[in-house]
Amino acid sequence: MNDHPLVQLTLVRIREFTREPEAIFWAFFFPILLTAGLGIAFRSQPVDAITVVTSDPGLAQSLRREPGLRVQHLDEEAARTALRTGKAALLAAPAPGGGVVYRYDDTNPEGRTARRLADQAVQRAAGRVDPVSIDDELIREPGSRYVDFFVPGLVGLGIMSNALWGLGFSIVDSRRRKLMKRLVATPMPRSYYLMSFLLWRMLMLAVEVGVPVGFGALAFDVPVRGRIADLIVISIVASTAFSALALLIASRARTIEGVSGLMNFVQVPMWIVSGVFFSSQRFPDVVQPLISALPLTATIDALRAHMLEGATLVQLAPQIATLAVWVVVCFTLALKLFRWR
Amino acid sequence: MAADRETAALRVRDLHKRYKDVVAVDGIDLEVRAGECFGLVGPNGAGKTTTIEICEGLTAADSGDVEVLGLRWNTDANALRQRLGIQLQETQLSDKLTVLETLRMFRSFYHQGAPPEDVIALVELQDKRHARVMTLSGGQKQRLALACALVGEPELLFLDEPTTGLDPQARRQLWELIEEFRRQGRTTLLTTHYMEEAERLCDRVAIVDRGKVIAMDTPGELVASIGAGHVVEFPADAAIAVDLGALRGVEGVRDARAEDGSVRVQVVDLQRVLPALLAEVRRQDIPLTELRTHSATLEDVFVFLTGRHLRDE
């Protein structure tokens with residue numbers, strides 16, 4: 001069994017990968033570093049108080065009742081300097097006739113927030129009563145933070161780039177070295193050669209998906225609300241689609257430079273539009289059907305719905321079907337075009 | 001696999017192949033007998049590699065007929081691949097695999113064959129069997145490539161330039177392996193542009209030039225066919241006027257040519273011709289700074305047939 005050609009060819013794939021330390025770094029540690037970095041940068045935290053300045057003691061007292069403001073009571077010159085240098089978002093000064101003047105930059109969101117909070121504090125101190133009673137309900141639950149949005153995107157991105165680079169490079173490298181031609185000169189069934197790449201990708205998936213999902217869960221409480229079995233199915237279908245795409249991209253290229261160019265040409269647009277870092281809904285409605293037909297969009301949408309909303313495979317049928325079409329079309333074309341020497 | 005000298009392991013008839021505007025093979029006929037070592041000899045670009053790759057089923061011919069072990073590529077490719085051993089000219093095996101892993105992979109493709117460990121011992125890479133391919137020397141890599149061709153215990157072995165780029169010692173090691181294969185009664189077709197390699201290894205050679213076979217026989221017969229046992233060579237740069245016609249007129253001289261700043265004279269035998277030749281040199285007032293002679297080789301056969309040297313192309 002160990003000497004079955006498919007086993008031997010798959011072992012070759014694994015050996016070639018694990019004996020390349022850089023490949024392991026980019027495939028496994030880089031996603032962890034990225035998740036950790038972004039998770040920390042966008043962590044949920046109480047909003048900082050906004051600094052406002054005033055030279056009037058009465059106004060300072062009124063403003064201090066608002067917890068969202070940090071009030072500094074300075075002399076007039078120091079207050080103006082603080083505003084000008086951005087150390088304060090707003091300067092409040094008494095106006096003739098009992099009024100108040102707010103000096104702030106209305107193009108700065110912090111300035112506008114300061115204006116609202118300061119005015120509310122001033123008006124309430126003067127005796128205004130709000131006619132409607134208000135309660136705030138804060139959402140900082142796992143599942144709706146940026147890190148929750150980002151981890152499924154990163155998993156999808158990882159499946160795509162590992163399949164494309166891993167497969168594309170090995171195939172073109174072995175063509176360039178005439179190793180592929182040498183293998184074709186043996187009785188090796190050609191389908192085994194291609195299948196060994198798919199099997200290798202399946203084995204790698206456990207790590208490629210497991211590492212970022214596990215790290216997200218441990219470090220940031222990123223939820224996995226769907227069934228694990230469903231996550232495995234989504235990952236396998238997605239990985240097969242990207243492997244087929246990689247076979248197609250690498251079917252003719254003879255040089256690493258050539259295949260790299262094609263890889264970037266295919267991947268970069270998906271990095272931007274498929275919702276890895278921000279929602280793909282931000283693009284105009286006309287292009288939405290096009291965007292959702294892309295394999296990375298389908299993968300990330302499915303992963304996000306599964307992990308964050310607990311969607312089942314039945315609910316994810318449109319995405320799975322999209323990926324299946326990519327598998328069939330790319331494989332068929334790749335087999336037709338594939339250059340075996 | 002006992003060799004029957006009368007049956008052909010390989011028959012090629014009227015083979016043609018062109019690449020865009022270059023005619024690579026222009027009507028080649030060959031017959032390699034079972035059990036012999038046959039050499040395709042000629043300069044780079046003569047069409048040797050194209051011919052051998054058509055025989056290996058890797059390149060399609062434009063026209064002509066190829067019969068390998070009584071089978072044909074378009075109908076029996078899978079059965080044929082099981083029975084052939086092939087070494088390509090410039091395969092780089094995977095750097096990160098070890099010698100043993102590489103051979104186990106190749107062995108897995110064949111229904112029957114030798115255990116990888118045995119083949120490693122045969123090519124004397126036992127010490128290196130757990131070494132990665134990237135750490136091997138050129139000669140060791142070439143021996144591993146040969147081991148990959150042998151691991152399926154082929155009846156017919158194709159070797160394309162098996163010793164190109166190797167140092168003399170590594171080359172001799174490889175020659176011994178190829179001779180051992182032939183001693184087992186199995187058939188080899190090899191290409192080379194080293195004449196001494198062809199003379200040492202091959203029972204018969206075909207000299208190929210510009211896509212055609214220009215001579216085919218045993219190395220000994222080919223050398224004898226030019227009727228000149230020896231070659232006399234002396235330097236003569238362009239500033240020196242040499243009357244080649246007069247040199248050719250000396251009795252026992254078969255041919256005289258000037259090239260690359262030296263004059264090469266093919267003579268029937270040294271003892272009789274050399275004195276007369278030297279007298280002619282003195283008569284022409286050619287300053288003689290150096291004089292070399294050697295027994296005629298396949299190289300001289302090629303020069304005799306084409307007027308060109310093998311290696312400068």
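# A tour of chains A and B

Select residues 8–19 of chain B, strand β1, and then β4(B): the two pair in the antiparallel sense over 5 bridges. This is a predicted model. Zoom in on one pair of residues. Arg11(B) has Glu67(B), in β4(B), as its bridge partner.

**Stop 1: the sheet of 3 strands**

The strands form an open sheet in the order β2-β1-β4, and the pairing is antiparallel. Which strands are at the edges? They are β2 (22–33) and β4 (63–68) of chain B, and each pairs on one side only. Look along the sheet to see the twist. From one strand to the next, it averages 15°.

**Stop 2**

Show β5, β6, β7, β3, β8 and β9. In that order, these 6 strands form an open sheet with mixed pairing. Colour the edge strands, β5 (84–87) and β9 (212–217) of chain B, which each pair on one side only. The twist here averages 15° from one strand to the next.

Return to α1 of chain B, residues 48–55. What does this helix touch in the sheet? It packs on the sheet and touches β3 (37–41), β6 (156–160), β7 (187–192) and β8 of chain B. Compare directions: that of α1(B) makes about 155° with that of β7(B). Next, select residues 204–209 of chain B, strand β8. Its partner β9(B) pairs with β8(B) in the antiparallel sense over 5 bridges. Find Val208(B) and follow its bridge across to β9(B). The partner there is Val213(B).

**Stop 3: a hairpin**

Select residues 253–259 and 262–267 of chain B. These are strands β11 and β12, and they pair in the antiparallel sense over 6 bridges. Which residue of β12(B) stands opposite Glu259(B)? It is Ser262(B). The two strands, β11(B) and β12(B), form a hairpin with 2 residues between them. Click on Asp260(B) in the turn: this residue has a positive phi of about 50°.

**Stop 4: two helices in chain A**

Move to chain A. Select residues 146–176, helix α6, and residues 295–309, helix α12. Their axes are 9 Å apart, and the helices pack at an angle of about 140°. That angle makes α6(A) oblique to α12(A). Which hand does the crossing have? α6(A) passes α12(A) in a right-handed crossing.

Show the side chains at the contact. From α6(A), pick out Asp148(A), Pro152(A), Gly153(A), Val155(A), Gly156(A), Ile159(A) and Met160(A). From α12(A), pick out Leu296(A), Thr299(A), Ile300(A), Leu303(A), Arg304(A), Met307(A) and Leu308(A). Colour them by class: the contact of α6(A) with α12(A) has 9 nonpolar, 3 polar and 2 charged residues.

**Stop 5: where the chains meet**

Finally, show both chains together. How many residues of chain B are in contact with chain A? There are 21, and they contact 20 residues of chain A. Select α2 (73–83) and α3 (99–108) of chain B. Each supplies at least two residues of the side of chain B that touches chain A. The largest share of that side, 5 residues, comes from α3(B). Now colour this side of chain B by class. It has 9 nonpolar, 6 polar and 6 charged residues.

Technical notes. Residues numbered from 1 in each chain as written. Chains lettered and ligands numbered in written order. Predicted model: local features only at pLDDT ≥ 70, side-chain atom pairs only at ≥ 80, totals over all residues. Pairing = 2+ DSSP bridges. Helix = DSSP H or I, 4+ residues; strand = E, 2+ residues; numbered from the N terminus. Axes fitted to C-alpha atoms, helices over the stretch in contact; angles between N-to-C directions. Contact = placed C-beta atoms within 7 Å. Parallel < 35°, antiparallel > 145°, perpendicular 65-115°, else oblique. Left-handed = near helix turned anticlockwise from the far one by under 90°. Nonpolar A, V, L, I, M, F, W, Y, C, P; charged D, E, K, R; others polar.
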